[in-house]
Amino acid sequence: MRIATLCVHAGMTPDPATGAVVPPVYLTSTYHQPKVGGHKGFEYSRTQNPTRQHLEEAIAALEGARHGICFASGMAAVDAAVRLLKPGDTVLSLYDVYGGTYRLLSRLAGPMGLKETYLTVDKLNAMEPASFPDVQMIWVESPTNPLLRIVDIRRLALCAAAKGALLVVDNTFATPILQRPLALGAAVVVHSGTKYLAGHSDVIIGALATNDDELAARLRFVQNAAGAVPGPMDCFLTHRGIKTLKHRMTAHCEGALAVARALSQVRGVSRVCYPGLCDDTAAAIARSQMEGMGGIVTIEIRGGRDAAMKFLESLKVFTLAESLGGVESLACHPATMTHASIPADVRQAIGITDGLVRLSAGIEDPQDLVEDA
Ligand code: PLP
C-alpha cells in the first residue's frame, strides 16, 4: 500500500463485535479475567490497551517498522530511548536539537551515569566511519529544530554501524510522509506525536519505532515499567489525525515554501532557513532523503530581539505559541520559548540568535500566510 492509503487504513480493522468501521475507544483501565490468567491478551491498560495498540500499528506501518511504541509525550519517548544506554555509555548529540531534548541529555543523562557530547551538523556530516568517536548512541534530528539543518542520515548510519552505536533519529519535523529514517539505516525513530502526527494541537503524545525485536522488547519494558503511557482518547485523536497526514503534509510544505520564498525578498529579514532553499550541499542531501521539505521556516529578523518581538506581535494568521505541526499556523521565538533551556552561550554559538523566529505553516491558504508574514 502507498503511504496515503496506509495513513487511512493502518491499524484500522472494523470492530469484530459490531462491525463499527472506526473501532471503539477502549476507555478502560482493566480487563475481566474469567479465571486467573485467562485474559484475552489485555490485563491492565498501562501494559496494553487496544486503542493504543491500533495507533502503535499505524505508526509502525508508516515508518516501515516492525514495532511502534507510544508514550505520554515526545519527551517520555526520548527518555525511554535514552534508557537503552547503560551507566558509562556516551551519547553523541547534535547541539541544535529541541531544547527539551538538550535539557534531558545535559541535566538527566549525568545522574543516570551517562556521558554526553555534542557536535554541530557540519562536523557530524563530515565525520568518517573509521575516525568516528567511540559512542554508544548518536542522537539527531533532521531537519533540525529550529535551524532546519540537514543531517546526512545514510552516512551517519554507516558511522554508527562502524562503531556499533545506535543511531536515533527524531523524525518529528519530517514525519514518515517526507522521510523514513529506518530505511536510511537508523535503529530507532522518535516522534513528538503532539506535532504533525496528531496534527490538531489538541494532544500531547510521543512514539518510538524500530525494526529491532530486542530493542523493541526493551523499550516496551520501559513503557510498562516507567508507565509514561498515553491515554486512550489521546491515542484515538492521534490515530484520527494520522488519516489526513499525507494531505496535511502536502499543504504544510506548500505554505512553508510560499512563506520562505516571500520572506527571502524582504529587506528586514537577513536569513531564511528552509531545507529546499539552503546551501547546495544541504539541499542535495535533503533531496536524497526527503520527499518534501517540510512545513517549518525559520527566519532571522534584522534588529535582533526587539525587532523579532515586534514582528511576532504583528502577526494575525500565525498564532504566537509554542509547538508546531498543527493545522493552524504558529510562530515562536526559540531563544525565549522552545530553546530557552539551552544556555545562552551555546545558543549563540550554534546560531539560535535573539532575532530568530520559527514559523510553522498550517494548512490555511498559502497566500494568507504570505500576506501575514
Ligand atoms: N522532539 C522535537 C523535535 C520537538 O520539537 C519536541 C517538542 O517540541 C519534542 C521532541 C518533545 O515532544 P513533546 O512536547 O510532545 O514532549
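**Cis peptide bonds, ligand site and a mixed sheet**

P146 is found in the loop between β4 and α6, where helices (H or I, at least four residues) and strands (E, at least two) are DSSP runs numbered from the N terminus. The structure is a predicted model, in which local features need pLDDT of at least 70 and side-chain atom pairs count only at pLDDT 80 or more, while totals for chains, interfaces and linings use all residues. Residues are numbered from 1 along each chain as its sequence is written, and side-chain values use heavy atoms, with hydrogens and water left out.

The peptide bond from N145 to P146 is cis, with omega near 10 degrees. A cis peptide bond also joins S142 and P143, with omega about -5 degrees; P143 is found in the loop between β4 (137–141) and α6 (153–163).

N145 also belongs to the surroundings of the ligand, together with S73, G74, M75, Y98, E141, D170, T172, S192, T194, K195 and I205; a residue is counted as near if one of its heavy atoms lies within 4 Å of the molecule. By class, this shell has 3 nonpolar, 6 polar and 3 charged residues. Here Ala, Val, Leu, Ile, Met, Phe, Trp, Tyr, Cys and Pro count as nonpolar, Asp, Glu, Lys and Arg as charged, and the others, Gly among them, as polar.

Polar contacts are pairs of N or O atoms within 3.5 Å. An oxygen atom of the ligand is 3.2 Å from an N or O atom in the side chain of N145, and an oxygen atom of the ligand is 2.9 Å from a polar backbone atom of M75. For the side chain of T194, the distance from an N or O atom to an oxygen atom of the ligand is 2.6 Å. The protein covers 92% of the 390 Å² of accessible area that the ligand has on its own, as computed by the Shrake-Rupley method with a 1.4 Å probe.

Elsewhere, S201 has a positive phi of about 55 degrees although it is not a glycine. S201 lies in the loop between β6 (188–192) and β7 (206–210).

An open sheet is formed by 5 strands in the order β8-β9-β12-β11-β10, with mixed pairing; two strands pair if DSSP finds at least two bridges between them. The edge strands, β8 (269–273) and β10 (319–320), each pair on one side only. Strand β10 runs parallel to β11 (residues 330–332) and is joined to it by 2 bridges. In this pairing, T319 stands opposite L330 in β11.

Note on methods: Polar contact = N/O pair within 3.5 Å; in protein donor to acceptor, adjacent residues only side chain to side chain.
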